[in-house]
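The sequence and the structure come first, and the reading follows.

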Amino acid sequence: MKLYYCPWACSLAAHIVLTEVGEPFDSESVDLKKKVTASGGDFNQVTPKGYVPALVLNDGEVVTENVAVLYYLSTLYPAYGFDHALGRTRLLEVLSLVATEIHKGFKPFWHGGSEEEKAAASVRLTALFRQIEAGMEGDYLFDARPTVADLYVFVMTLWAARFGVDIPERLVALRRRIGEREGVKATLRAEGMVMPKDMREES
Ligand SMILES: N[C@@H](CCC(=O)N[C@@H](CS)C(=O)NCC(=O)O)C(=O)O
């Protein structure tokens with residue numbers, strides 16, 4: 001399997017799962033502006049969509065869209081998902097909320113929005129993060145272990161830290177808890193990312 005990713009992008013969630021699982025996988029970063037991979041390949045040949053994540057399976061099939069990539073990984077590695085219908089449905093429910101509302105809600109921050117647009121986005125994002133928090137069943141979204149949805153939320157909380165968007169206390173705790181996992185630290189290092197202050201060991 002090969003994951004195409006970009007540091008700080010939503011592909012980080014899939015990258016963490018693959019790293020934590022510990023089975024061999026390939027990965028390559030992508031320059032999203034130029035659509036060129038680290039080895040000089042044309043990323044548009046991998047996926048004409050031109051965005052990450054893109055997961056190339058061993059038989060050559062290419063899975064795109066973060067919801068689909070993460071859902072696929074949760075079916076391969078059930079520790080990150082559920083084996084019953086309602087559990088899988090709840091997982092998709094959160095993944096969809098994150099992808100369509102929260103992820104897209106950061107657009108003004110990533111794509112040069114005006115200060116007004118950023119302020120409005122920030123308010124809406126905080127309200128959406130509160131919704132996520134309200135549904136938490138324990139330390140994680142679904143009680144006692146992180147699923148692919150927690151990892152997607154984790155990436156969004158990193159974005160929140162980067163752009164100064166307020167998130168509720170329990171999500172700050174979730175970010176810290178997930179950030180302490182060895183596989184997560186290894187993935188952040190592999191992507192060359194610097195952790196937000198409240199996740200750093202000295203804090
Ligand atoms: N609909 C896609 C969007 C993914 C997406 O927005 N990826 C960003 C990084 S987080 C990206 O690659 N942007 C570059 C581009 O769209 O050109 C999904 O949900 O996976």
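Is helix 1 mostly covered or mostly uncovered? In this predicted model, helix 1 is mostly covered, with seven of its 10 residues buried. The buried residues are Leu 12, Ala 13, Ala 14, His 15, Ile 16, Val 17 and Leu 18, and the elements that cover them include strand 1, strand 2 (26-31), strand 4 (54-56), helix 3, helix 7 and helix 9. After helix 1 comes Gly 22, which has a positive phi near 85 degrees.

**Nonpolar cores**

The largest nonpolar core holds 59 residues, of which Leu 55, Leu 73, Phe 106, Phe 129 and Met 156 touch the most other members. Two or more residues are contributed by each of several elements, including strand 1 (2-5), helix 1 (12-21), helix 3 (66-76), helix 4 (85-105) and helix 6 (115-134), while the largest share, 11 residues, comes from helix 7. At least three residues of this core are drawn from each of domain 1 (2-76) and domain 2 (82-181). Apart from this core lies another, of eight residues, among them Tyr 4, Val 30, Phe 43 and Val 46.

Phe 129 gives a local view of the packing: with residues up to four places away in sequence left out, Phe 129 touches Ile 102, Phe 106, Met 156, Thr 157, Ala 160, Val 165, Asp 166, Ile 167, Pro 168 and Leu 171.

**A buried histidine**

His 103 is found in helix 4, and it counts as buried because its relative accessibility is 17%, under the 20% cut-off. Its side chain makes a polar contact of 2.7 Å with the side chain of Tyr 152. Beyond its neighbours within four places in sequence, His 103 is in contact with Cys 10, Val 98, Tyr 152, Met 156 and Trp 159.

**The ligand site**

The ligand is surrounded by 13 residues, and the closest are Lys 35, Tyr 51, Val 52, Glu 65 and Asn 66.

| Residue and atom | Ligand atom | Distance |
|---|---|---|
| Lys 35, polar side-chain atom | oxygen | 2.6 Å |
| Val 52, polar backbone atom | nitrogen | 2.9 Å |
| Asn 66, backbone N or O atom | oxygen | 2.7 Å |

On its own the ligand has 510 Å² of accessible area, and the protein covers 76% of that area.

Definitions and conventions:
Residues numbered from 1 in each chain as written. Predicted model: local features only at pLDDT ≥ 70, side-chain atom pairs only at ≥ 80, totals over all residues. Heavy atoms only, no water. Core = buried A, V, L, I, M, F, W, Y, C linked by side-chain atoms within 4.5 Å. Buried < 20%, exposed > 50% of the residue type's maximum accessible area, 1.4 Å probe, protein only. Helix = DSSP H or I, 4+ residues; strand = E, 2+ residues; numbered from the N terminus. Domains from an automatic or database assignment. Contact = heavy atoms within 4.5 Å. Near = heavy atom within 4 Å. Polar contact = N/O pair within 3.5 Å; in protein donor to acceptor, adjacent residues only side chain to side chain. Areas by Shrake-Rupley, 256 points an atom, 1.4 Å probe, with all protein chains shown as cover.
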